[in-house]
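Hello,

Here is the structure we talked about. Please open it alongside this message; my notes follow below.

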Amino acid sequence: MDSTSPQAFSLELTPPEVEARCTALWQQFRSPGRVVTALVAMQSLFALAPAGARENAPYREIQAILARHADDARHLLLGESVQRVLNALQQRETREVGRIHADLSRNGFWQVASAAGHGRDGPELAGDVAWLAQWCQDARARAEAAGGYPDALDFRAAGIDAEEYTAMDELLRCLRSL
């Protein structure tokens, strides 16, 4: 073999083999978020198939298997996340809101926040909004005071996690929009 030519790696899989691997992912990770991550990686890998291979029935069936498992995992992830947001609101856990925000896409976080907001009754939701508004206002005031310049926010100097602030602010904006 010519040492300057690239070496190739071929992979042949059947739809039943991919189905079995997807099932194994569920058992291996037991976390919908990790399953989603693994399935997205698999989808990305299979997208590298040559154009001609993408036209055959097994490829389309494999893509459908991956999409089905990814949709199931996303659905479970969103459901778990809604419960986590509800718990964080009840317990007034700002760090948990930040972790949930970090675990999801922006769109996913808004879906979760909206569902959680709809899961609260009027007085609970009003209390959540008041708490979030007060927390964000206090955090912003501390960051402005630490910034040293008008409208300059220094969350680090104020001892506030900027990503936590962002998550709380997004949750507030979402719940206010309901």
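**Surface patch**

Leu13 is partly exposed, with 33% relative accessible area. (Buried means under 20% relative accessible area, exposed over 50%, partly exposed in between; 1.4 Å probe, protein chains only.) Leu13 sits in the segment before helix H1 (15-29). Helices are DSSP runs of H or I with at least four residues, numbered from the N terminus.

Before going on, some ground rules. This is a predicted model, so local features need pLDDT of at least 70, side-chain atom pairs count only at pLDDT 80 or more, and totals for chains, interfaces and linings use all residues. Residues are numbered from 1 along each chain as its sequence is written, and side-chain values use heavy atoms, with hydrogens and water left out.

Leu13 belongs to a nonpolar surface patch with Phe9, Leu11, Leu45 and Leu48. Together they have about 570 Å² of accessible area. Areas come from the Shrake-Rupley method with a 1.4 Å probe; for residues, only the protein chains shown count as cover. Patches take residues with over 30% relative accessible area and no salt bridge; like charges are joined within 9 Å, nonpolar side chains (Val, Leu, Ile, Met, Phe, Trp, Tyr) within 5 Å.

**Cores**

The largest nonpolar core has 32 residues, and Leu132 and Leu171 touch the most other members. Such a core is a set of buried Ala, Val, Leu, Ile, Met, Phe, Trp, Tyr and Cys residues joined through side-chain atoms within 4.5 Å. H6 gives the largest share of this core, nine residues. What does Leu171 contact, leaving aside its neighbours within four places in sequence? The partners are Val85, Leu89, Val97, Phe109, Ala113 and Leu132. Contact means heavy atoms within 4.5 Å. A second, separate core holds 16 residues, including Leu25, Ala49, Tyr59 and Ile65.

**Aromatic rings**

There are two aromatic pairs. In one, Phe155 and Tyr165 are tilted, 4.7 Å centre to centre with 35° between the planes. Phe155 is in helix H7 and Tyr165 in helix H8, 10 residues apart. Both are buried. Ring pairs also link Trp135 with Phe155 and Tyr165 into a cluster. The rule: rings of Phe, Tyr and Trp (its six-membered ring) pair if their centres lie within 6.5 Å; planes under 30 degrees apart count as stacked, over 60 as edge-to-face and the rest as tilted.

**Salt bridges**

The count is 12 salt bridges. Each is a side-chain nitrogen of Lys or Arg within 4 Å of a carboxyl oxygen of Asp or Glu.

- Glu96 and Arg84 meet at 2.7 Å, N to O. Glu96 lies in helix H4 and Arg84 in helix H3. Glu96 is buried at 15% relative accessibility; Arg84 is partly exposed at 23%.
- Arg106 and Glu170 meet at 3.0 Å, N to O. They link helix H5 to helix H8, 64 residues apart. Arg106 is exposed at 52%, whereas Glu170 is buried at 5%.
- Asp169 and Arg173 meet at 3.2 Å, N to O. Both lie in helix H8, four residues apart, about one turn of the helix.

Arg84 and Glu96 also join Arg99 and Asp103 in a network of salt bridges.

**Backbone**

Most residues other than glycine have a negative phi. Arg30 has a positive phi, near 55°. Arg30 lies in the loop between H1 and helix H2 (32-46) and is exposed at 71%. Asp151 has a positive phi near 65°. Asp151 is in the loop between H6 and H7 and is exposed at 67%.

Best wishes

Definitions and conventions. Helices (H or I, at least four residues) and strands (E, at least two) are DSSP runs, numbered from the N terminus.
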